[in-house]
Amino acid sequence: MNQEFIDQMKEKLLAERSAIITSLAEHNADCKKILEENTGKDSIDEAADAIDLKLLESMEAKEAQQLELIEAALTRIDSGKYGYCMRCGTLIPEARLEVLPAAVLCVGCKSAAERKGR
């Protein structure tokens with residue numbers, strides 16, 4: 001894998017990380033706003049706010065998980081281990097990394113893991 005491709009993936013990962021951090025900050029502000037405006041509402045409004053909070057929490061959990069994957073990929077770039085399958089050690093195709101820059105498994109190992117998880 002050439003250095004130019006790795007540099008492109010690093011830029012892509014850094015951009016994704018920045019977008020997630022911005023999104024998490026916005027979700028945090030939305031949560032605070034919902035909680036601050038929760039006084040004097042009827043039970044229907046309170047239920048709607050509770051649903052909104054749960055949705056925001058779910059989104060935050062997914063974004064936090066994606067952020068962890070991005071950080072791990074950036075660490076692998078810095079250590080020279082980026083682009084190699086964490087299970088079998090083969091080189092992950094560039095086409096896969098372009099779609100999923102934080103991928104840790106090659107297609108074969110990912111498929112096997114998904115079959116095993118069913």
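**View 1. Glu71 and its salt bridge with Arg17 in the predicted model****.** Glu71 is partly exposed, at 32% relative accessibility. In this predicted model, the side chain of Glu71 forms a salt bridge with that of Arg17, with an N to O distance of 3.1 Å. The two residues connect distant parts of the chain, as Glu71 belongs to helix H2 and Arg17 to helix H1, 54 residues apart. Arg17 is likewise partly exposed, with a relative accessible area of 25%.

**View 2. The salt bridge between Lys10 and Asp78****.** The closest N and O atoms of Lys10 and Asp78 are 3.5 Å apart. Because Lys10 lies in helix H1 (residues 3-36) and Asp78 in helix H2 (residues 43-79), the pair ties together parts that are 68 residues apart in sequence. Lys10 is partly exposed, its relative accessible area being 29%, whereas Asp78 is exposed, with a value of 61%. The structure holds two salt bridges: Lys10 with Asp78, and Glu71 with Arg17.

**View 3. A nonpolar surface patch that includes Tyr84****.** Tyr84 is located in the loop between H2 and helix H3 (94-99).

Notes: Residues are numbered from 1 along each chain as its sequence is written. This is a predicted model: local features need pLDDT of at least 70, side-chain atom pairs count only at pLDDT 80 or more; totals for chains, interfaces and linings use all residues. Side-chain values use heavy atoms; hydrogens and water are left out. A salt bridge is a side-chain nitrogen of Lys or Arg within 4 Å of a carboxyl oxygen of Asp or Glu. Helices (H or I, at least four residues) and strands (E, at least two) are DSSP runs, numbered from the N terminus. Buried means under 20% relative accessible area, exposed over 50%, partly exposed in between (1.4 Å probe, protein chains only). Patches are made of residues with over 30% relative accessible area and no salt bridge: like charges are joined within 9 Å, nonpolar side chains (Val, Leu, Ile, Met, Phe, Trp, Tyr) within 5 Å. Accessible areas come from the Shrake-Rupley method with a 1.4 Å probe; for residues, only the protein chains shown count as cover.
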